[in-house]
Amino acid sequence: MVATDEGHTLAGWVGCAAAAVGAATAGLGIIGWRPGLWLGPAVLALAALLAWALHLAGWGKPPGPRPAGQRPVGVRDMTAREGHADCVGCRLAGRGQGRRRSGVAAPVPVKR
C-alpha cells in the first residue's frame, strides 16, 4: 500500500480551525445573533489571509506529495521564500515566477 501526502501542515490546520470559527459565527448570525452576519465573513476572510501568510512563511507545503520524512506537521519548508512552482498562493505574492516543479528543492525539517 502506498502512503499519500495528505497535506497536513501548520498553515492548513490553523487556517481550517479559523475558518471553522468563522463559519460557526456566520451560522449564529443566520439563526439570530445579528453581529454574526458581519463578523462571520470577516473571520473567514482573516482565516484565508492567515493560512496564506503561514504558507508564505514556510509552514505550508509546495503542491504535490512530499517524501515520507517531510510529512509531519512540524516540518518547515525552507524553500518558501523563493516560492513554489505551480503554486497559486506563491504567484499571488510575486514568488516563484517562471519556475517549474523540477526546480524546487525539498522542504527541510526544523530542528527543535
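Guide: We begin with the secondary structure. Helices (H or I, at least four residues) and strands (E, at least two) are DSSP runs, numbered from the N terminus. The protein chain here has three helices and zero strands, and along the sequence its pattern reads α-α-α. The model is predicted, so to speak of local features a pLDDT of at least 70 is needed, and side-chain atom pairs count only at pLDDT 80 or more, while totals for chains, interfaces and linings use all residues. Residues are numbered from 1 along each chain as its sequence is written, and side-chain values use heavy atoms, with hydrogens and water left out.

Visitor: What is the mean pLDDT of the protein chain, and where is confidence lowest and highest?

Guide: The pLDDT is the predictor's confidence in each residue, from 0 to 100. The protein chain averages 81, and 79% of the residues score at least 70. Confidence is lowest in helix 3 (residues 88–92), with a mean of 82, and highest in helix 1, at 95. Over residues 99–103 the pLDDT is below 50, although this stretch has eleven contacts in the model beyond near neighbours in sequence; a contact means heavy atoms within 4.5 Å. Where pLDDT is low, the predicted coordinates should not be read in detail.

Visitor: How many residues does helix 1 have, and what distance does it reach?

Guide: The expected span of a helix is 1.5 Å times one less than its number of residues. Helix 1 (residues 10–30) has 21 residues and reaches 30 Å from its first C-alpha to its last, close to the 30 Å expected. Just after helix 1, Gly32 takes a positive phi of about 135°.

Visitor: Which residues of helix 1 are buried?

Guide: Buried means under 20% relative accessible area, exposed over 50%, and partly exposed in between (1.4 Å probe, protein chains only). In helix 1, the buried residues are Ala11, Gly15, Ala18, Gly22, Thr25, Ala26 and Gly29. Seen down the helix axis, they fall within an arc of 100°, so they line one face of helix 1; the arc is that of the directions from the axis to the C-beta atoms. These buried residues pack against helix 2 (36–59).

Visitor: What does Thr25 touch?

Guide: Thr25, in helix 1, has a relative accessible area of 12% and is therefore buried. Not counting residues up to four places away in sequence, Thr25 touches Trp33, Gly36, Leu39 and Gly40. A polar atom of the Thr25 side chain lies 2.7 Å from the backbone oxygen of Val21.

Visitor: Is Ala19 buried, exposed or partly exposed, and what is the value behind the answer?

Guide: Ala19, also placed in helix 1, is partly exposed, at 26% relative accessibility. Leaving aside neighbours within four places in sequence, Ala19 is in contact with Leu44 and Ala47. The C-alpha atoms of Ala19 and Ala48, 29 residues apart along the chain, are separated by 7.5 Å.

Visitor: Where does His84 lie?

Guide: His84 lies in the loop between helix 2 and helix 3 and counts as buried, at 1% relative accessibility.

Visitor: How many disulfides does the structure hold?

Guide: A disulfide is a pair of cysteine sulfur atoms within 2.5 Å. The structure holds zero disulfides. For Cys90, the closest cysteine sulfur is that of Cys87, at 3.6 Å, which is too far for a bond.

Notes
A polar contact is a pair of N or O atoms within 3.5 Å; within protein, one must be able to donate a hydrogen and the other to accept it, and residues adjacent in sequence count only if both atoms are side-chain atoms.
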